[in-house]
Amino acid sequence: MNVTISQQDAVTVVAISGSVDSLSADKLTESFVGELNAGRVKLVADFAAVSYTSSAGLRSVLAAVKESRRSGGDLRIAAVQPDVLRVLSLSGFTSIIKMYDGVAAAVSSYGQA
Amino acid sequence: MNASPRDPAAPAVSLVIGSGSVKCAAAIGVVKALTEEGIAVERFVGCSAGAIFAAVLALGYGAQESMDATRRLWTSDITAKRNTMGMLRALAPRLFGFKVESFGLRDDRPKDQMLNAFFGDRRIEDAGTPLHITATDFANGELVDLDRGSIADAIRASVALPFAFAPVRLGGKLLVDGYLADPLPVSVAIKHGGRVIIAVGFESPYQERIGSAGRFAFQLSAIMSNNLLKSRFSFHSVAHHSEVIAIIPEFRQRIRLFDTEKLPYIVEEGEACMRAQIPYLRELLAADRAAVAS
């Protein structure tokens, strides 16, 4: 799994590629924690290149969602592929996380009421 | 038929097979892929129709034998006969007397005879691999983990679909279909120390057309069981300390309740889903063993 971080105005885009699983979740968590500790709490996770997520990956995402919201921000997810969406849906994540078709829509959502 | 003893040093996973009628046969393909990759199953958990496949696989049946077993055990004969008295008791309880223990609109006997003929007097604790069959306590809705006793009786309880089949009295409890407590009982594997858990689950299909009270009831049941599946699976995913790998085959062909002619396709889909996860699973099991050893 690879993580690339970029900034779009006040929003931090965390682009993830590969499998978000037990072997890679710590790396993803570190990436999220690094941004949150730096005060960048408006996050967009770009899932366009995420091929798989497991329970360990879900726990990493959930921890970031909770921490960002606690700090007044949010973690929103963009461009989820169908196989990953099924896992997110089965595990109830689609009911608590805002999801968007693409990164642009997710980033601009922070500017909306 | 019994499974040969498992090499305790070999990599292993717990396998949970959720409710899902004949679609549960995908678990045959999952086990086929695991076996061919030298990965053992250390514990089987099965719910509702998944209990049938968990039992057959825990007894050591191979892929072809398991498909043959499915063709014997999962036929429309099991729901073919009406329970006329059950219907009369439902329509006129004061006249005919309503009895919880015998209330079902289908005659249980063909199903029970089929299960008894296939499993005979084999017991859960005789399976080569630890086996758990789940049912629901009718008195309080709690999940009941059946890990000993008659396999046929445990499956009867696990598949006791409300309204269709009568509840089953077992071990002093009145039991109904396991899906009512949890359609994908990952909790049983977690409770018994499972680390890497493969969860084979299915959402109940929604009705395309609703033209009868029966279809109406099926739709309500699907809504409730799918929401329960999601809420339980989400809790287990975040609560488990290690890994739950979800295997959710997406069938492009419509699979109806008794579509056993589609067994090869269903098994292939399950095998393909599992094979896609094998590289990750190998790495994960190696890391898990290293973590335990350190």
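This is a predicted model: local features need pLDDT of at least 70, side-chain atom pairs count only at pLDDT 80 or more; totals for chains, interfaces and linings use all residues.

Reader: Where do E271(B) and R275(B) lie?

Author: Both are in helix α10 of chain B, which covers residues 263–293. They sit 4 residues apart, about one turn of the helix.

Reader: Is E271(B) buried or exposed?

Author: E271(B) is buried, because its relative accessible area is 14% and the cut-off for buried is under 20%. R275(B) has 29%, so it counts as partly exposed.

Reader: Which residues are joined with them into one network?

Author: Salt bridges with shared partners link E271(B) and R275(B) to K32(B), E36(B), E37(B) and R282(B).

Reader: Ok, another one. What does R71(B) form a salt bridge with?

Author: With D68(B); the closest N and O atoms are 3.4 Å apart. Both residues belong to helix α3 of chain B, residues 63–73, and are 3 residues apart, about one turn of the helix.

Reader: And how accessible is R71(B)?

Author: R71(B) is partly exposed, at 36% relative accessibility. D68(B) is partly exposed too, with 36%.

Reader: What about chain A, which residue does E35(A) meet in a salt bridge?

Author: R40(A), at 2.6 Å from N to O. E35(A) has 8% relative accessibility and so counts as buried, whereas R40(A) is partly exposed at 33%.

Reader: Changing topic. How many are there between chain A and chain B?

Author: The count there is 1 salt bridge. It pairs E250(B) with R86(A), whose closest N and O atoms are 3.5 Å apart.

Reader: Which elements of chain A give two or more residues to the side that touches chain B?

Author: Those are α2 (55–70) and α3 (82–90) of chain A. α2(A) gives the most, with 5 residues.

Reader: What classes of residue are on that side of chain A?

Author: The side of chain A that touches chain B has 8 nonpolar, 6 polar and 3 charged residues.

Reader: And how many residues are in contact, over what area?

Author: 17 residues of chain A are in contact with 21 residues of chain B. The buried area between the two chains is about 1600 Å², and carbon and sulfur atoms give 61% of that. Across the interface there are also 10 residue pairs in polar contact.

Definitions and conventions
Residues are numbered from 1 along each chain as its sequence is written. Chains are lettered from A and ligands numbered from 1 in the order in which they are written. Side-chain values use heavy atoms; hydrogens and water are left out. Contact means heavy atoms within 4.5 Å. Buried area is the accessible area (1.4 Å probe) that two parts lose on being put together, summed over both. A salt bridge is a side-chain nitrogen of Lys or Arg within 4 Å of a carboxyl oxygen of Asp or Glu. A polar contact is a pair of N or O atoms within 3.5 Å; within protein, one must be able to donate a hydrogen and the other to accept it, and residues adjacent in sequence count only if both atoms are side-chain atoms. Ala, Val, Leu, Ile, Met, Phe, Trp, Tyr, Cys and Pro count as nonpolar, Asp, Glu, Lys and Arg as charged, and the others, Gly among them, as polar. Buried means under 20% relative accessible area, exposed over 50%, partly exposed in between (1.4 Å probe, protein chains only).
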